[in-house]
Amino acid sequence: MAGQINAFEMAQKQFDGVAKLLNLDPQIAEVLRTPTREYSFRIPVRMDDGSLRVFQGFRVQHNDARGPNKGGIRFHPSETFDTVRALATWMTWKCAVADIPLGGGKGGIIVDPSTLSTTEKERLCRGWVDVMWKNIGPRQDVPAPDVGTTPQMMGWMMDEYSKLVGEYTPGVFTGKPLGGGGSEGRTEATGYGVIYTVREAMKHLGIDPKTSVAAIEGFGNVSQYAAIGFVEMLGGKVACVSCWDRNDRTSYTYSHKDGVNPRFLLTITDQYGTIDKKKATDAGYVVEDGETWIEKDCNVLIPAAIEGHVNADTVKKMSKNVKIVAEGANGPCTPEADEFFKQQGIFNIPDFLCNAGGVTTSYFESVQNDMNFYWPKEEVLQKLDQKMTSAFHAVLNMSLKEKVYMRDAAYMVAIDRVVKAMQLRGWV
Ligand code: NAD
């Protein structure tokens, strides 16, 4: 996040490390270290009380050698240009590792959306499009929801763009609501995608899913469906989930002696991923401090809430039985945690591979928009499973062939594919 370390410097440092491993031509590396295009702009919005407020907006297009730029728009009070640059760069690698024909982009507005009324949010969304519409589009750059933005907002943005270009263009934004150009399966996509990669990791390591236990951090979009998938697809047990309690402003871990029932917990969780403590306790759940999730006895750890929570301090508390760490969240493990995993021989599924199910289904959404023909949920999820499984094996094969850690292997696969596309287009 903004504020602590400069995210863009980190993204460049990671890239430089892998460029070295790949023996990448320094001139080609120079093209990829920095985004291709960057937009910084002001958005005037008429507020409900009649006053005019001006918001700062951004869009960064990192690299579109493999296809149109792709990436979310964040509404966050501490958004910075550098955070957007870093996230756009990571999107290039995520789309490449998932082998979807898209590049990397990201956008944002410095705003706390909870301080705006619905009509003010709508005007702000339309205002972002009014500035950017000539530089986005199904063949140029396709934004999506992210932190602080919702499917409804994508619906307004798509509508504004369609009005400006004079034709219905659903494929310009993904993550739209169902019935408004959205895809079936998008809600489950990221969490189920995490589980497809865990399943493949278990096959590789010879671990029986049915006797496996997962500890999961978070109970929001990614973690809810990772928990459901772990129980229903793999037949394993989920020792605990955790969440940030918006009322107490603190986090809690929820466990149950028979393993948690994620479908039940869903019925007592609000739209922000806060579980009702009283109802959980009444149903026999043990509610503890939010940090205890990482101490539970398990063989699979799924951090799927927030960045940096698996770090030099917390890895020491992990169960000795952990064999797989599947990064559902973006950036949940610090470089110190990586070192610990390497020393202990713990298998890591890096974030931009593990949580690529979301963007893959966004890609399916734009394909369906282009065709104006929509697939049933089973078909979307089956296609997603195929994509995630083959992405996992491409990275695993690279890791085995080059004898490198999975995160480095994922970067190597991704950068290799982007460089190849640039060469084929005659750019480098
Ligand atoms: P979300 O807002 O739906 O859920 C977040 C969950 O984490 C909530 O249950 C919240 O209570 C919990 N949480 C927040 N702070 C916590 C804390 N300090 N301790 C414990 N729990 C805490 O978010 P999400 O969409 O599930 O995203 C989670 C992560 O996955 C983020 O890093 C996001 O960038 C990443 N991600 C999401 C998607 C997607 O499709 N949703 C795709 C790729 C990556």
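Guide: Two strands pair if DSSP finds at least two bridges between them. Helices (H or I, at least four residues) and strands (E, at least two) are DSSP runs, numbered from the N terminus. The model is predicted: local features need pLDDT of at least 70, side-chain atom pairs count only at pLDDT 80 or more, and totals for chains, interfaces and linings use all residues. Residues are numbered from 1 along each chain as its sequence is written, and side-chain values use heavy atoms, with hydrogens and water left out.

Visitor: What makes strand E2 and strand E4 a pair?

Guide: The definition asks for at least two bridges, and E2 (residues 52–63) and E4 (residues 104–110) are joined by six, in the antiparallel sense. Arginine 59 stands opposite glycine 107 in E4.

Visitor: Which strands form the open sheet of seven, and which are its edge strands?

Guide: The order is E9-E8-E7-E6-E10-E11-E12, again with mixed pairing. Strand E9 (286–289) and strand E12 (347–349) are the edge strands, as each pairs on one side only. From one strand to the next, the twist averages 20°. Within the sheet, E7 (residues 237–245) and E8 (residues 250–255) pair in the antiparallel sense over six bridges, and serine 242 has threonine 253 in E8 as its bridge partner.

Visitor: Why is H1 called roughly antiparallel to H2?

Guide: Axes are lines fitted to C-alpha atoms, for helices over the stretch in contact, and angles run from 0 to 180 degrees between N-to-C directions. Angles under 35 degrees count as roughly parallel, over 145 as roughly antiparallel, 65 to 115 as roughly perpendicular and the rest as oblique. Helix H1 (residues 7–21) and helix H2 (residues 26–33) pack at about 155°, with their axes 11 Å apart; H1 is therefore roughly antiparallel to H2.

Visitor: How do you know that H1 and H2 are in contact?

Guide: Contact means heavy atoms within 4.5 Å. Phe8, Gln12, Phe15, Asp16 and Ala19 in H1 meet Ala29, Leu32 and Arg33 in H2.

Visitor: Why is H4 called oblique to H5?

Guide: The axes of helix H4 (residues 118–132) and helix H5 (residues 151–165) also cross at roughly 45° and come within 9 Å, which makes H4 oblique to H5. The crossing is right-handed, a term used if the near helix is turned clockwise from the far one by less than a right angle, left-handed being anticlockwise.

Visitor: Where do the bounds of domain 1 and domain 2 lie?

Guide: Domain bounds come from an automatic or database domain assignment, which gives domain 1 (40–182) and domain 2 (187–354). Their C-alpha centres lie 30 Å apart.
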